[in-house]
Amino acid sequence: MECLHIEGGVRLAGEVICSGAKNAALPILCAALLTDEPVTLHNVPQLRDVDTLLRLLTQMGVSVERTGSTVTLCARAITHPVAPYELVKTMRASILVLGPLTARLGEARVSLPGGCAIGARPVDQHIKGLTALGAEVRVEHGDVHAQARRLRGTRIVFDMITVTGTENLLMAAALAEGVTVLENAAREPEVQDLAQLLVAMGARIEGIGSDTLVVHGVSRLHGAEYRVMSDRIEAGTYLCAGAITGGDVRVRRAPTAALDAVLLKLQEAGCEVTRGEEWVRVAAPARLRAVDIRTSPYPGFPTDMQAQFMALDTVAEGRAMIRETIFENRFMHAVELQRLGADIHIDGATAIVTGVPRLEGARVMATDLRASAGLVLAGLVAEGETVVDRIYHLDRGYERMEEKLAALGARIRRGRSDAELP
Ligand code: EPZ
């Protein structure tokens, strides 16, 4: 199994280029299912999750051509509208084919994603919404089986804000007959990016960026060429890498307008934050101030940055309270951070972090994508060597992280953990 070896204590400085957003690229790639014409996408990040989704789409019969970060898909001949368990269990976002397949083909069979490390992550809202649009949805033998002659527009109110739930139903509504109103919809920038792609394909959507989306269904959508937005979580992660090491890091091609909540917290922690049209720079003090975090849907503080800020707080001056309101089990990085000497007390959905003067390098294990990022950040500042194991989690959402960190001065290399076993 692959791991990262990190020699901590280096102050990071320099600039790094942000890649395309994983959580925008995944729904946008699925949107290609909505038309029989080619869809060309630029700035698609080269990540394990994208590879998995392209494999899934290919086995459905979608033609896929990929050159670097440009992907052209054509779903003219979908022969197999099925998302099997083997693929879905490795990437829950596969559920995003459910809406487009049902709307375009009138049929879909998608394996229930099941839970994951950070929580149960049900898809009841996806099913409720598709049913409301007139699909016959049955859950049988672990699969969601949806059928519909043609979806009919309706009014849907989400019980809670769900990013992929909003995305699935937005794609389905685009081809439904009549008007669909999605209330209590997610406002995440990645949802907005998907909506803009759908508009480029001929969809009629009002309220983009708000919590109420009004979709006037059309009979067909055409191909398009579109550039995926930059990844705000990747950008935030590298800015935190500069911050935790007392460094000075600029992230270029960053989605600056989508980073307000994160940048305000970095300023609160004592960093000097400057930004331009498409770049953000963070210059950090020798030691940060501890900052309280409460995750919430956009435009609040993103849950995908919670682990990274917990790492910052472990070596900051003072004590912080971190409250995770989105997922029920998203503190697994805490016990690994404690192996590095962090002082963290977990009480349900709240973590109390008391800053310590220093962390000490140790072997730690990644459990999920963003937890891995938090552990890497802690390793950058811990004394001695930190080995982060099971970094396949990291590769799901970060393009060549060790190369980007090394370009900022980090002493980091990829290795194999099983190779060192006696
Ligand atoms: C998306 O997951 C992201 N993934 C997650 O990023 C992100 O953490 C999350 O949104 C929150 O921002 C992608 O976009 C591919 P939700 P998603 O549906 O859509 C509950 C990463 O690290 N819920 O917004 O699965 C759910 O259990 C990943 O890149 C239901 O109860 O999250 C959770 O508590 C991790 N029923 C809350 O809502 C449903 O039908 C928010 O989940 C749907 C969701």
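The legends below describe close-up views of a predicted model.

Local features are described where pLDDT is at least 70, side-chain atom pairs count only at pLDDT 80 or more, and totals for chains, interfaces and linings use all residues. Residue numbers start from 1 along each chain as its sequence is written, and side-chain values use heavy atoms, with hydrogens and water left out.

View 1. Of the 21 residues around the ligand, Gln125, Thr162, Thr164, Asp304 and Ile326 come nearest; a residue counts as near if one of its heavy atoms lies within 4 Å of the molecule. Polar contacts are pairs of N or O atoms within 3.5 Å; within protein, one atom must be able to donate a hydrogen and the other to accept it, and residues adjacent in sequence count only if both atoms are side-chain atoms. A polar side-chain atom of Asn23 lies 3.0 Å from an oxygen atom of the ligand, and a polar side-chain atom of Asp124 lies 2.8 Å from a nitrogen atom of the ligand. Val163 takes part through its backbone, with an N or O atom 2.8 Å from a ligand oxygen atom. On its own the ligand has 820 Å² of accessible area, and the protein covers 87% of this; such areas come from the Shrake-Rupley method with a 1.4 Å probe, and for residues only the protein chains shown count as cover. Helix 1 (22-31), helix 5 (124-132), helix 6 (163-174) and helix 12 (369-381) are the elements that give two or more residues to the shell. Helix 5 supplies the largest share, three residues. Helices (H or I, at least four residues) and strands (E, at least two) are DSSP runs, numbered from the N terminus.

**View 2. The open sheet 4-5-3-14.** Four strands form this open sheet with mixed pairing, where two strands pair if DSSP finds at least two bridges between them. Strand 4 (63-67) and strand 14 (224-227) stand at the edges, each with a single partner strand, so one side of each has no neighbour in the sheet. Neighbouring strands are turned by 15° against each other on average, direction ignored. Strand 3 (residues 39-42) pairs with strand 14 in the parallel sense over four bridges, and His42 has Arg227 in strand 14 as its bridge partner. Helix 7 (residues 189-200) packs on the sheet, touching strand 3 and strand 14, and its direction makes about 155° with that of strand 14. Axes are lines fitted to C-alpha atoms, for helices over the stretch in contact, and angles run from 0 to 180 degrees between N-to-C directions.

**View 3. The open sheet 6-7-9-8.** This sheet also has four strands and mixed pairing. Its edge strands, strand 6 (82-83) and strand 8 (136-140), each pair on one side only. Strand 6 and strand 7 (residues 107-111) run parallel and are joined by two bridges, with Ala83 opposite Val110 in strand 7. Helix 4 (residues 98-105) lies across strand 7 and strand 9 (143-147), at about 160° to strand 7. Helix 5 packs on the sheet as well, touching strand 8 and strand 9, with its direction at about 145° to that of strand 8.

View 4. Gln306 lies in helix 10 (residues 306-314). Gln306 counts as buried because its relative accessibility is 0%; buried means under 20% relative accessible area, exposed over 50%, and partly exposed in between (1.4 Å probe, protein chains only). A polar contact of 2.8 Å joins its side chain to that of His333. Leaving aside neighbours within four places in sequence, Gln306 is in contact (heavy atoms within 4.5 Å) with Thr295, Phe301, Ile322, Glu324, Arg330, Phe331 and His333. The loop between strand 18 (293-294) and helix 10 contains Pro299, and the peptide bond from Tyr298 to Pro299 is cis, with omega near 10°.

View 5. Asn184 is placed in the loop between strand 11 (179-183) and helix 7. Although not a glycine, Asn184 has a positive phi of about 65°, and at 27% relative accessibility it counts as partly exposed. Arg390, in the loop between strand 23 (385-389) and helix 13 (392-395), is likewise not a glycine and has a positive phi of about 60°; Arg390 is partly exposed at 31% relative accessibility. Arg358 belongs to the loop between strand 21 (350-354) and strand 22 (363-365) and is partly exposed, with a relative accessible area of 47%. The side chains of Arg358 and Glu383 are joined by a polar contact of 3.2 Å. Arg358 and Gly341 are 17 residues apart in sequence, and their C-alpha atoms are 7.8 Å apart in space.
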